[in-house]
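Please study each task before reading its solution.

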Amino acid sequence: MTGGGAGTVTAGSTTAGTDLCDRGQDGGLRKILGFWGLTRILILLTVFRIVVIPGPDVTSDVEQIYQGWYEVLRTGTYPLDDVTWQYPPAAALAILAPALLPFLGYSAAFFVLSLLCDAFVFGLLVYAGRRPGRSMRGAWLWLAAVPLLGPTAYSRYDLMVTAVAVAGLLAAVRSPAVLGALAGFGATLKVWPVLLVAGTARGRATVRCWATAVGAAAGVVALCVLAAPGALSFLGFQRDRGTEVESLGALVFHVARNFGWPGEARMNYGSIEFLGPGVHVVSAAAMALTGAAFAWLLVWRLRARHRTSTTVADAAFTAVLLFVTTSRVISPQYMIWLVGLAAVCLVYRASRMRRPAYLVLWATAVTQFEFPVWFSHVSHSDPLGIALLLVRNGLLVAASLSACRILWRQTVTEPRLAAAARVRIPVQTDRERHRDRESAAVSVPSSAR
């Protein structure tokens with residue numbers, strides 16, 4: 001009787017504990033879904049200009065630029081004479097996507113599609129975060145960061161590209177081929193998703209992933225080239241870009257303008273860039289810095305001794321972070337890329353990328369003040385504008401260095417030290433045993449021998 005009663009109490013306690021846990025998870029899910037809905041309503045209010053954010057109207061590009069490209073693309077050709085078209089050929093799919101909602105105007109349809117892509121990414125992060133061994137931190141990061149960027153998040157097609165990237169990274173553990181296919185397709189939308197494959201495991205996984213990525217990218221590009229003339233015109237337009245006023249290198253000219261530098265900041269190739277003495281030197285230095293970052297990634301890949309379930313996501317986040325930080329252009333929407341990849345890292349409890357991920361979150365918050373709220377201060381290089389860029393770009397530099405250190409330490413330094421420790425322990429044990437035998441032989445009396 002006593003044993004049966006104890007068993008019954010234990011079973012009841014276990015059931016009650018499980019019910020409480022389930023209710024806690026359901027309550028947490030309802031809370032995060034509620035916050036997501038509330039914050040996304042606020043974003044929609046800003047993009048439809050019911051609530052007006054100070055500064056330039058970031059939504060005007062959808063109607064004035066994207067819709068203009070849309071009209072050209074509908075005629076069966078790429079924008080051959082428009083130097084602001086600086087995107088890979090599959091970007092045409094994102095520009096044409098509002099046609100899927102013909103009952104809405106172009107801008108409204110674009111904003112709704114951005115909302116759907118946002119919901120898709122959030123859903124993936126929530127689903128992945130609720131699995132065993134995972135965390136909801138990634139979903140919470142995404143929930144907070146997108147509204148911190150303001151209307152820019154829904155007014156550029158980068159959110160669509162990030163959705164492809166997040167889906168690929170979350171599928172990487174089970175299927176390198178799916179990662180490769182989505183990375184290859186993403187690269188034809190906007191080049192950066194090719195970096196998603198930087199951390200794949202050596203051997204068959206890398207061969208399968210990289211081959212699939214190349215095949216997917218080549219197939220999409222070939223279809224675009226056959227479908228319309230001018231699919232590769234973006235290569236020349238992108239090559240001729242200068243130093244954009246929000247980039248890391250631009251800080252040189254922001255400071256120099258206050259000491260008589262004779263150059264100027266004006267619209268060039270679709271963004272506000274610095275033009276004048278020394279700009280080509282700084283642009284070349286930025287490209288060299290990007291090359292050095294990629295060289296570091298190559299050395300890391302060759303030196304990495306151990307990979308975990310988080311390495312692919314951690315390496316992708318680090319690679320894109322280095323690419324953005326050292327780029328000649330740091331447009332505000334680039335933060336969406338970093339937030340998406342940081343969120344994937346935080347899905348894994350084992351990931352150590354929390355510090356750089358939170359630094360990116362803070363940089364995203366500062367970015368909205370840098371653009372659009374106080375962009376006039378940035379474009380005029382006054383003390384407030386310079387301070388904003390110093391803080392935002394400083395956070396990106398700190399995040400880059402932190403991510404590199406964490407990735408190197410986890411995959412190169414710690415495995416090497418662990419291997420050295422495993423080698424030393426047996427050697428020391430053998431020596432000790434040898435010394436013990438010699439001591440025993442000496443201590444035995446000669447008569448006993």
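Two exercises with worked solutions follow.

The model is predicted, so local features need pLDDT of at least 70 and side-chain atom pairs pLDDT 80 or more, while totals for chains, interfaces and linings use all residues. Residues are numbered from 1 along each chain as its sequence is written, and side-chain values use heavy atoms, without hydrogens and water.

**Exercise 1.** Determine which residues line the largest cavity, and classify them.

Solution. Step 1: on a 1 Å grid over the protein atoms alone, a cavity is a set of points where a 1.4 Å probe fits but cannot get out, and a pocket is an open set with protein on both sides within 12 Å along at least five of seven lines; lining residues have an atom within 4 Å of a point.
Step 1: there is one cavity of 30 Å³ or more, and the volume of the largest cavity is about 60 Å³.
Step 2: its lining includes Thr46, Arg49, Asp57, Pro151 and Pro372.
Step 3: seven lining residues are nonpolar (Ala, Val, Leu, Ile, Met, Phe, Trp, Tyr, Cys, Pro), two are charged (Asp, Glu, Lys, Arg) and two are polar (the others, Gly among them).

**Exercise 2.** Describe the second largest pocket and identify which helix gives the largest share of its lining.

Solution. Step 1: the volume of this pocket is about 300 Å³, taken as the space filled by probe spheres set on grid points joined across faces, edges and corners.
Step 1: 16 residues line the pocket, and those closest to its centre are Val194, Leu195, Val197, Ala198 and Trp210.
Step 2: helices (DSSP runs of H or I, at least four residues, numbered from the N terminus) H7, H8 and H11 each give two or more residues.
Step 3: H11 supplies the largest share, five residues.
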